[in-house]
Amino acid sequence: MSEPGSTSGVVTIVVSDEQTDVEVDADRWADLATAVLQAEGRTGELTLTFVDRDEIAALNAEHMGQHGPTDVLSFPLDSFDNAADAMPGPVLLGDVVVCPAVASEAAPTHAGTLDDELALLVVHGILHVLGHDHAQPGETRVMRERERALLEQHHWHGPAPAGFTQEQQA
């Protein structure tokens, strides 16, 4: 993790754990976020915030028009394709907000374990900040392939476990 206030050319992850429902290893998730941004060839500052159900439900209603809590929300900021094109100072990539309580409930029928679910949500949120989407089938395929590749490289350091799935099951 880089120091706050760094100039362009580096990755800075600012992590905040604002919930008490699930224990979160902030340094670990900052390291994953850094590795993902570096793998994607991106530099700048990203905020990764862990919140409770009430906070993510409020954000979901305010920004997405959806009722109730969700697992992850992404808010892209600066949209420079190249940090050299940016104004002086760090590029503000955006914010990723994760709800560990929602992740904990989804994990058994989604990624398999809470650890893998949180890793998937961090990677998924960052890819959204970087412009990936899953509104269309082709976009979904590309985004899921990239998620899996990044998880295999920077989370599992090998193939995905047998129980891992990226599709939410009922």
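Which residue forms a salt bridge with Asp115, and how far apart are the closest N and O atoms?

**Entry 1: ground rules.** I am working on a predicted model, in which local features need pLDDT of at least 70, side-chain atom pairs count only at pLDDT 80 or more, and totals for chains, interfaces and linings use all residues. Residues are numbered from 1 along each chain as its sequence is written, and side-chain values use heavy atoms, with hydrogens and water left out.

**Entry 2: Asp115.** I looked up the partner of Asp115 and found Arg28, with the closest N and O atoms 2.2 Å apart. This pair links distant parts of the chain, since Asp115 sits in helix α4 and Arg28 in helix α1 (residues 26-39), 87 residues apart. I took a salt bridge to be a side-chain nitrogen of Lys or Arg within 4 Å of a carboxyl oxygen of Asp or Glu. Helices (H or I, at least four residues) and strands (E, at least two) are DSSP runs, numbered from the N terminus. Asp115 counts as partly exposed because its relative accessibility is 30%; Arg28 has 31% and is also partly exposed. The classes are buried under 20% relative accessible area, exposed over 50%, and partly exposed in between (1.4 Å probe, protein chains only).

**Entry 3: other salt bridges.** I searched the whole structure and got six salt bridges. One of them joins Arg141 to Glu145, with the closest N and O atoms 3.5 Å apart. Both residues are in helix α5, four residues apart, about one turn of the helix. Arg141 is partly exposed at 47%, and Glu145 is partly exposed at 47%.

I then checked Arg144, which pairs with Glu167 at 3.7 Å between the closest N and O atoms. Here Arg144 belongs to helix α5 and Glu167 to the segment after α5, 23 residues apart, so the pair links distant parts of the chain. Arg144 is partly exposed at 30%, as is Glu167 at 48%.

**Entry 4: the largest pocket.** I read off a volume of about 530 Å³ for the largest pocket. A pocket is an open set of points on a 1 Å grid over the protein atoms alone, where a 1.4 Å probe fits, with protein on both sides within 12 Å along at least five of seven lines; lining residues have an atom within 4 Å of a point. The volume is the space filled by probe spheres set on the points.

I listed 21 lining residues, with Asp71, Val72, His124, His128 and His134 nearest the centre. Elements that each supply at least two lining residues are α2 (53-64), β3 (72-76), α4 (114-129) and α5 (137-154).
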